[in-house]
Amino acid sequence: MLSYQHGYHAGGPADIHKHFALAGVLSLLTRKPRPITYMESHAGRGVYNLGGEQARKTGEWKAGIGKAERRDHPFWTAIDATRARYGATAYPGSPAVARALLRPQDRMVLMELHPTENAELREAMAGEVVEIHKRDGCEGLLALSPPDPRRGLVLIDPSYERKDDYDEIGDFAVKLAQKWPQAAIMIWYPILKAARHERLARALSSASPLRHEVRFPPHGGREGGMTGSGLLILNAPFGSEKVMA
Ligand SMILES: C[S@@+](CC[C@H](N)C(=O)[O-])C[C@H]1O[C@@H](n2cnc3c(N)ncnc32)[C@H](O)[C@@H]1O
């Protein structure tokens, strides 16, 4: 199902949680000069316009990036780079957050299945060294794993439009960790009243992931109203707990 459009939610509280975490963990992994591979299964369009129709319709960014502080955090490197390149109302999606923090020796591989989002992603990443695929993110990542270089980070950030997504993402993450054991695997999930994310957490519990959640008032937009945002990090790099705190 490809009806989800992240433009309505870009820069909202859940994005802030996910993107601050992504920037923090990437900054841990890029401390040593050894190269890494960064991969995403559900990349989105890369850059969002908070002045555009979708963002204006929900206004979710006002409770997210509109209130974000901690300008000493590596996430602001991505904000500054994105605004400098795309304009003052631009907001970095996860590919742009990663692009701002990765170094020339690192590799970046992105999957985005939606034709329009994929085309926008290609445009947003024009001139950058990045491999962009229009294929199913889970199938693509498993097919390309383990990549070279083996050190690396995966972001799994689906739209959870179907109930079964939680089970399927759990199975996928387990398989990915088996194929690419050196990878840190970061999985985002929404916290909804139905609490389906608990199934996902149970499926991954034997890998003892780092789990981090934030709660916020329901702001509508997604099914049932999201009351929080969660992350599970498998094989979290040393220092991740401090970064998440
Ligand atoms: C939550 S959004 C991604 C947001 C992005 N990671 C960010 O933080 O900026 C989920 C994306 O997954 C895409 N998508 C949906 N099904 C997919 C699939 N099977 N494979 C790859 N991408 C898919 C959607 O088109 C959407 O752009």
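**Ground rules.** I number residues from 1 along each chain as its sequence is written. Because the model is predicted, I take local features at pLDDT of at least 70 and side-chain atom pairs only at pLDDT 80 or more, while totals for chains, interfaces and linings use all residues.

**Sheet.** I looked up the strand order first. Helices (H or I, at least four residues) and strands (E, at least two) are DSSP runs, numbered from the N terminus. I count two strands as paired if DSSP finds at least two bridges between them. Seven strands form an open sheet, ordered S5-S4-S1-S6-S7-S9-S8, with mixed pairing. S5 and strand S8 (210-215) are the edge strands, each pairing on one side only. From one strand to the next the twist averages 15°; for such angles, axes are lines fitted to C-alpha atoms (for helices over the stretch in contact), and values run from 0 to 180 degrees between N-to-C directions.

**Strand S1.** I then went to S1 (37-40). It pairs in the parallel sense with S4 over four bridges, and with S6, also parallel, over four bridges. Glutamate 40 stands opposite leucine 110 in S4, and methionine 39 stands opposite valine 154 in S6. Next I checked burial. I call a residue buried if 20 or more other C-beta atoms lie within 10 Å of its own, exposed if 12 or fewer, and partly exposed in between, with C-beta atoms placed from the backbone. Thr37 and Met39 point one way from S1, Tyr38 and Glu40 point the other way, and all are buried.

**Strand S9.** S9 spans 228-234, and six of its seven residues are buried. S7 and S9 run antiparallel and share seven bridges. Within that pairing, proline 190 has serine 229 as its bridge partner, and isoleucine 187 has leucine 232. S8 and S9 are also antiparallel, joined by six bridges. Arginine 211 stands opposite leucine 232 in S9.

**Lysine 18.** Is lysine 18 buried or exposed? I found 23 other C-beta atoms within 10 Å, so lysine 18 is buried. Lysine 18 belongs to helix H1 (residues 13-29). For contacts I require C-beta atoms, placed from the backbone, within 7 Å. Leaving out residues up to four places away in sequence, lysine 18 touches Asp157, Trp188, Ser229 and Leu231. I also noted glutamate 213, which is 195 residues from lysine 18 along the chain, with 10.0 Å between their C-alpha atoms.

**Helix H6.** Gly137, Cys138, Gly140 and Leu141 are buried in H6. Seen down the axis of H6, its buried residues fall within an arc of 165°, so they line one face of the helix; the arc is that of the directions from the helix axis to the C-beta atoms. An α-helix has 3.6 residues a turn, so residues three or four places apart point the same way. The buried residues of H6 pack against strands S1, S4 (107-111), S5 (131-133) and S6, and against helix H7 (165-179).

**Ligand shell.** How many residues surround the ligand? I list 19, the closest being His42, Gly44, Gly93, His114 and Gly137. A residue is near a molecule or strand if its C-beta atom, placed from the backbone, lies within 6 Å of it. The shell divides into six nonpolar, eight polar and five charged residues. Here Ala, Val, Leu, Ile, Met, Phe, Trp, Tyr, Cys and Pro count as nonpolar, Asp, Glu, Lys and Arg as charged, and the others, Gly among them, as polar.

Most residues other than glycine have a negative phi, and most peptide bonds are trans. I logged a cis bond from serine 145 to proline 146, with omega near 0°. Aspartate 148 and proline 149 are also joined by a cis peptide bond, with omega about 0°. Proline 146 is in the loop between helix H6 (137-144) and strand S6 (152-156), and proline 149 lies in the loop between H6 and S6.

I then checked positive phi values. Alanine 195 has phi near 55° and sits in the loop between strand S7 (183-191) and helix H8 (197-203). Alanine 195 is exposed, with 10 other C-beta atoms within 10 Å. Asparagine 235 also has phi near 55°, in the loop between S9 and helix H9 (240-244). Asparagine 235 is partly exposed, with 19 other C-beta atoms within 10 Å.

How values were computed:
Contact = placed C-beta atoms within 7 Å.
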